[in-house]
Amino acid sequence: MSSGPGAHSAPAPSPTTMFSSLKIRNYRLFATGQVVSNTGTWMQRIAQDWLVLTLTGSASAVGITIALQFLPMLLFGLYGGVLADRLPKRPLLLATQCAMSLTGLALAVLTLSGHVQVWHVYLTAFLLGLVTVIDNPARQSFVAEMVGPEQLANAVSLNSANFQSARLVGPAVAGVLITAVGSGYAFLFNGLSFLAPIVGLLLMRPGELHKVERAPRGKGQLREGLKYVAGRPELIWPIVLVGFIGTFGFNFPIWLSAFVNDVYHSGASTYGLLNTLMAGGSLAGALLAARRGTSRLRVLVGAAVLFGLLEIVTAFAPQFWIFAVLLVPIGMFGLTVNVTANSSIQMATEPAMRGRVMSLFMMVFVGGTPMGAPLVGWITDTYGPRIGFAAGGTVALIAAIGVGVMLARVGGLRLKIDLRRGRRHVEFVPREQLAPAA
């Protein structure tokens with residue numbers, strides 16, 4: 001988004017508090033629009049998964065739907081980042097929000113008219129994925145233009161809190177709507193909900209945006225972005241970690257629908273309840289991240305380890321209430337992984353490269369799902385929901401330990417164990433501190 005000299009006259013940022021980014025008018029408009037559209041997005045996700053399960057009776061079909069929605073990110077995600085770096089982001093986001101609204105309205109018309117078939121859901125999921133290829137990196141990198149570098153970590157955390165707040169409301173409302181009148185009205189609400197971010201974008205003051213130089217058109221920009229990331233361990237290893245976790249550890253639509261259907265023999269309202277519990281944990285994780293205001297890689301690795309362990313434990317929970325309660329910390333640590341990786345990567349990236357770097361981040365986190373979802377769906381169908389859930393947690397745990405070791409080596413750190421009372425018993429310290437400690 002190009003802006004004039006007025007971009008330099010924006011008021012000085014306040015010290016970071018949990019909600020400090022909301023003092024900035026443009027970001028406040030953005031956040032308000034997002035909470036409405038995010039609620040609709042979660043309603044559509046729940047309704048879409050349940051509709052496919054109703055039409056086919058197969059967890060693998062749910063996996064295929066998820067795969068088709070995220071396949072475009074895997075195939076074209078990096079090109080979306082190039083466009084986000086080249087084009088003014090506010091007009092670009094207006095276009096993507098309008099397109100996403102149309103996909104929701106199309107699915108609503110098909111469902112409410114009684115003509116919906118599973119291939120219709122597959123097609124709209126794929127089209128939504130195509131729009132997301134451009135929308136995601138543009139939206140992620142636009143945050144820095146609204147709030148500036150001082151409030152970036154806080155704003156990224158509040159974006160996630162916004163998304164998870166909607167996740168608390170959306171699944172619950174969707175569960176009631178599906179039970180009462182069917183999935184079609186959830187799709188209709190989602191299609192109309194995009195009016196809120198569109199209005200918010202139109203009301204923004206361009207002069208208050210922080211000026212960011214856009215990348216000029218040129219050859220080799222995609223390769224330039226990959227080379228930039230490859231040469232920076234503080235970027236490449238967090239991206240590797242979220243790639244593994246996104247591909248194998250975040251297939252909750254498959255696992256939760258299978259647990260509800262096959263293990264607990266319940267319906268859409270229970271599915272909505274489980275998603276709401278996980279969202280509560282995710283919201284807590286996002287607010288804690290906003291309060292911290294900084295993004296440490298040790299927090300990223302620690303949260304990823306706990307996330308993987310909790311998935312394994314939850315997979316074999318003997319009773320429904322234990323399974324349900326454990327979804328809260330899974331949501332909290334999963335969200336901590338996502339927010340910490342997102343904000344640390346954005347803060348370590350030059351503004352002109354941010355769209356390409358964030359497109360790579362989203363490509364591996366979200367775009368890995370087309371590879372993971374069918375495999376996880378097959379394991380869940382063949383060996384049962386418990387084995388499928390535990391397998392995803394095992395991959396996440398191994399990836400977290402591996403990346404933690406690599407980051408420690410790159411940073412010249414070694415594990416220090418101190419069993420004395422009042423001391424931190426286990427921590428990573430620079431190599432040169434080990435001899436005195438011994």
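Biologist: Which helix is T247 found in?

Modeller: T247 belongs to helix α9, residues 233-249. Helices here are DSSP runs of H or I with at least four residues, strands are runs of E with at least two, and both are numbered from the N terminus. Residue numbers start from 1 along each chain as its sequence is written, and side-chain values use heavy atoms, leaving out hydrogens and water. This is a predicted model, so local features need pLDDT of at least 70 and side-chain atom pairs count only at pLDDT 80 or more, while totals for chains, interfaces and linings use all residues.

Biologist: Is T247 buried or exposed?

Modeller: T247 is buried, because its relative accessible area is 7%. Buried means under 20% relative accessible area, exposed means over 50%, and partly exposed is in between, with a 1.4 Å probe and protein chains only.

Biologist: What does the side chain of T247 reach?

Modeller: The backbone oxygen of G243, at 2.7 Å. That is a polar contact: a pair of N or O atoms within 3.5 Å, where within protein one must be able to donate a hydrogen and the other to accept it, and residues adjacent in sequence count only if both atoms are side-chain atoms.

Biologist: Now V410. Where is that, and what does V410 touch?

Modeller: V410 is in helix α16, residues 385-410. Leaving aside residues up to four places away in sequence, V410 touches P233 and W237, with contact meaning heavy atoms within 4.5 Å. V410 and E234 are 176 residues apart in sequence, yet their C-alpha atoms are 9.0 Å apart in space. With a relative accessible area of 48%, V410 is partly exposed.

Biologist: Switching to aromatics. How many aromatic pairs are there in the whole structure?

Modeller: A search finds 16. Rings of Phe, Tyr and Trp (its six-membered ring) pair if their centres lie within 6.5 Å; planes under 30 degrees apart are stacked, over 60 edge-to-face, and the rest tilted. One of the pairs is F30 with F142, edge-to-face at 6.4 Å centre to centre and 70 degrees between the planes. This pair links distant parts of the chain, with F30 in helix α1 (residues 25-56) and F142 in helix α4 (residues 118-147), 112 residues apart. F30 and F142 are both buried.

Biologist: And why is the pair of F252 and W255 edge-to-face?

Modeller: Because the planes of F252 and W255 are at 80 degrees, with the ring centres 5.7 Å apart. The two residues are three apart in helix α10 (residues 252-263), so about one helical turn separates F252 from W255. An α-helix has 3.6 residues a turn, so residues three or four places apart point the same way. F252 counts as buried at 6% relative accessibility, and W255 does too at 0%.

Biologist: Which residues form the aromatic cluster with F252 and W255?

Modeller: The cluster also holds F250, F259, Y264, F307, F320, F323 and F389.

Biologist: What sits over the ring of W42?

Modeller: The charged end of R45, 4.7 Å from the ring centre. A charge sits over a ring if NZ of Lys or CZ of Arg is within 6 Å of the ring centre and within 35 degrees of the ring normal. R232 likewise lies over the face of Y228, at 3.8 Å from the ring centre.

Biologist: How many salt bridges in the whole structure?

Modeller: Four. The term means a side-chain nitrogen of Lys or Arg within 4 Å of a carboxyl oxygen of Asp or Glu. One of them joins E145 and K89, at 3.1 Å from N to O. E145 is in helix α4 and K89 in helix α3, so this pair ties together parts 56 residues apart in sequence. Both E145 and K89 are buried.

Biologist: And how far apart are D135 and R139?

Modeller: Their salt bridge is 2.9 Å, N to O. D135 and R139 are four residues apart in helix α4, so about one helical turn separates them. D135 counts as buried, at 1% relative accessibility.

Biologist: What about R205 and E208: are they buried or partly exposed?

Modeller: R205 is partly exposed at 40% relative accessibility, and E208 is partly exposed at 29%. The closest N and O atoms of their salt bridge are 3.1 Å apart.
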